[in-house]
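Please read it alongside the sequence and the coordinates.

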Amino acid sequence: MEAEPYRAVRAVSSFGTRVMIESLKNQKIKDLIKLRDGKHRRRMQRFLLEGDRETDRAIRNGIQVLEIYACKASLGELGKSLVEKNPDLVTWVSPAVFEKIALRDSTGGLCSVGQPRYAYLDDLPRENLFLIVAEGLEKPGNLGAILRTADGAGADGLVLLDETADLYNPNCIRASLGAAFSVPVIRSRHQEFLDFCQQHKVQLVTASPHSDSFYYGLDLKSSAAIVLGSEAHGLSGFWESHGTAVKIPMLGVCDSLNVSVSAAILAYEVRRQRS
């Protein structure tokens, strides 16, 4: 069935008169919902932000927000402020349409569309560098949790190798609590990243349950990059001849922690040593 032509009514609110979309079949709404799909996000170079807090943090950290969708019935104070400051970006939608757009409840009555942004290795500082590196990470929730740790521990960036998890998946953005926008994220190839580390004397620290050395025995006061592997397979064979392998003590039947928990332990060891 073809999408309905633009169907709207005039909505009068304290923010003035705006066009409101009421039809679930509106093509603009259908295009918005398609942004849940990773391939469509990459093709369109757009991503969906679910929530007033996420939208606010994206804007504050320089992400270009292209559109804002607001529902008057559930709009919170932060959402009202965003609408007032960005009136030209706002499209009003009915509660039924907003429910279709947002998968979660705690959005503050606001969603938006942003333009993806990545950093580059050349953007990074050259002294006392602190990086977290994720190789082949698969779950967006883990990627978001690692970004939250990177933000909290003061990492200079997160490097993605063999990128699988989508930085702009709504689950990643939600789990990161906005750190997806505050932490520089770099996509790189293995050899390119290794060359960068060797050129700038960045110590490579690889997390492996098979290491004979515990993480707290390593001097991390100088430039360092903590390298973590995928949830299912750990680090690839590339790292067997590169970096210093360390492990986290495991006293029970399990041989490893969730990758985001491991990232937090190692990242805060860097922060502890540099305090």
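1. Basis of the note. This is a predicted model, in which local features need pLDDT of at least 70 and side-chain atom pairs count only at pLDDT 80 or more, while totals for chains, interfaces and linings use all residues. Residues are numbered from 1 along each chain as its sequence is written, and side-chain values use heavy atoms, with hydrogens and water left out.

2. Crossing of α3 and α4. Helices here are DSSP runs (H or I, at least four residues), and strands are likewise DSSP runs (E, at least two), numbered from the N terminus. The axes of α3 (residues 52-60) and α4 (residues 77-85) come within 9 Å of each other and cross at roughly 45°. The helix α3 is therefore oblique to α4; angles under 35 degrees count as roughly parallel, over 145 as roughly antiparallel, 65 to 115 as roughly perpendicular, and the rest as oblique. Axes are lines fitted to C-alpha atoms, for helices over the stretch in contact, and angles run from 0 to 180 degrees between N-to-C directions.

3. Residues at the crossing. On the α3 side, the contact (heavy atoms within 4.5 Å) is made by Asp52, Arg53, Thr55, Asp56 and Ile59, and on the α4 side by Leu78, Gly79 and Leu82.

4. Surroundings of α3. Asp52, Glu54, Thr55, Asp56 and Ala58 of α3 are buried, where buried means under 20% relative accessible area, exposed over 50%, and partly exposed in between (1.4 Å probe, protein chains only). The buried residues of α3 pack against several elements, including β3 (47-50), β4 (65-70) and α4. After α3 comes glycine 62, with a positive phi near 85°.

5. Aspartate 37. This residue is found in the loop between α1 (27-34) and α2 (38-44). Aspartate 37 counts as partly exposed because its relative accessibility is 41%. A polar atom of the aspartate 37 side chain lies 3.0 Å from the backbone nitrogen of histidine 40. Aspartate 37 and phenylalanine 47 are ten residues apart in sequence, with their C-alpha atoms 9.4 Å apart in space.

6. Serine 223. The side chain of serine 223 reaches the backbone nitrogen of asparagine 128 at 3.1 Å. Beyond neighbours within four places in sequence, serine 223 is in contact with residues including Arg126, Glu127, Asn128 and Arg274.

How values were computed. A polar contact is a pair of N or O atoms within 3.5 Å; within protein, one must be able to donate a hydrogen and the other to accept it, and residues adjacent in sequence count only if both atoms are side-chain atoms.
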